[in-house]
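User: I'd like to learn how to read a structure like this one. Could you walk me through it, feature by feature?

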Amino acid sequence: QQQQQQHDQPGQTNGRTNGFTDGVTHDNNSDASNQQQQQQQMQAQTEADNNNTEQLSQDAIAKLRLLTRPVEDFSSCRREWVLKLGKAAAMGFVQHARGYVSGGALFKATSESLPAMAADDTLWSHGVVSGDLQLALAWLVQLLDALSQHLDKDCFRQAWGAAAAAINRELFNNVACEAIFSDAGALQLSIDVQALLSSFGRYTARPASHFRELGDAVKLLNLQQQQAEFVKQAVSVNSRAPNAAELLKSVGVYHLDPDLADTVMSLRMYR
């Protein structure tokens, strides 16, 4: 019996041990199976998310394509109306400055009759802007300030830029290239243009870059007589120098070609 018990006890012990081991193995297999299922589910979810994202991207691209034409039309329309505002501002300025633009006699005048000059041909410390131009500038600044309150930054910049470009053309073509300039008249134009630049200096740090042709004309008209005669001969059609363009640059004129420079300088008279 003792032997039988000894024989049975190991068997019972082994049986209990084997049963515990089988249970652990079964649990391990279950855990592995669960992990595998979770991984498969996660992978399936990831693939589904990727598919959804791809679908959303395709939908977004399709909608963007549909919106491209309306957006382009809107941008074009906005630019067109902004340029119209700028052109209207320039036209209003010209109307208010009509007496200045057509008053060629102003620039022929002697120093005593010009507001910018004292009787001894010296410039007054503050300089006096021509009367008709003062009124036009006051009107223009008031209008542009009003526009700045109703337009966003980009639209306003385009509007005043268009106005500046149109005013530059008007004053260059109909004043700098039309009037006859005495010494005092050339100086008066310089003061007037400085007032114009100051008005646009409210909106940009570099107003002169919007009035390049007009600024170049002022430089040519205010050259000293000896230098002016040399430049005039170099840009003249009848005696044009091969390096006429370079010569213009040497006196600070970068935006007028020799033909335009010749037109401006032919209007300058010296006493």
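Predicted model: local features only at pLDDT ≥ 70, side-chain atom pairs only at ≥ 80, totals over all residues.

User: What makes a residue count as buried?

Analyst: The cut-off is a relative accessible area under 20%.

User: Where is Arg268 found, and what does its side chain make a polar contact with?

Analyst: Arg268 sits in the segment after helix 10 (258-265). Its side chain makes a polar contact with the side chain of Asp183, at 2.8 Å. The Arg268 side chain also reaches the backbone oxygen of Leu221, at 2.6 Å. Leaving out residues up to four places away in sequence, Arg268 touches Phe181, Ser182, Asp183, Ala186, Leu221 and Leu223.

User: Let's zoom out. How many helices and strands does the protein have?

Analyst: The count comes to 10 helices and 0 strands. Read from the N terminus, the elements go α-α-α-α-α-α-α-α-α-α. Of the 271 residues, 34% count as buried. For contacts between residues at least 6 apart in sequence, 76% join residues at least 24 apart.

User: How do I read a single helix? Take helix 4: which of its residues are buried?

Analyst: Helix 4 (residues 131-150) has 20 residues and reaches 30 Å from its first C-alpha to its last, close to the 28 Å expected at 1.5 Å a residue. Its buried residues are Leu133, Ala136, Leu137, Leu140, Val141, Leu144 and Leu147. They cover an arc of only 135° around the axis, which puts them on the same side of helix 4. On the other side of helix 4, you'll find Leu135, Gln142, Gln149 and His150 exposed.

User: Let me try that on helix 8. Which residues are buried there, and which are exposed on the other side?

Analyst: In helix 8 (residues 225-235), the buried ones are Ala228, Val231, Ala234 and Val235. Seen down the axis, these buried residues fall within an arc of 125°, so they line one face of helix 8. Gln226, Phe230 and Gln233 are exposed on the other side of helix 8.

User: And what covers the buried residues of helix 8?

Analyst: The cover includes helix 7 (212-221), helix 9 (244-250) and helix 10.

User: Now a pair of helices. At what angle do the axes of helix 5 and helix 6 cross?

Analyst: For a pair, check how the axes approach and how they are oriented. The axes of helix 5 and helix 6 (residues 183-200) come within 12 Å and cross at roughly 170°. That makes helix 5 roughly antiparallel to helix 6, since angles over 145 degrees fall in that class. Trp160, Ala164, Ile167, Leu171 and Val175 in helix 5 meet Leu189, Leu196 and Phe200 in helix 6.

How values were computed. Residues numbered from 1 in each chain as written. Heavy atoms only, no water. Helix = DSSP H or I, 4+ residues; strand = E, 2+ residues; numbered from the N terminus. Polar contact = N/O pair within 3.5 Å; in protein donor to acceptor, adjacent residues only side chain to side chain. Contact = heavy atoms within 4.5 Å. Expected span 1.5 Å × (residues − 1). Buried < 20%, exposed > 50% of the residue type's maximum accessible area, 1.4 Å probe, protein only. Arc of directions from axis to C-beta. Axes fitted to C-alpha atoms, helices over the stretch in contact; angles between N-to-C directions. Parallel < 35°, antiparallel > 145°, perpendicular 65-115°, else oblique.
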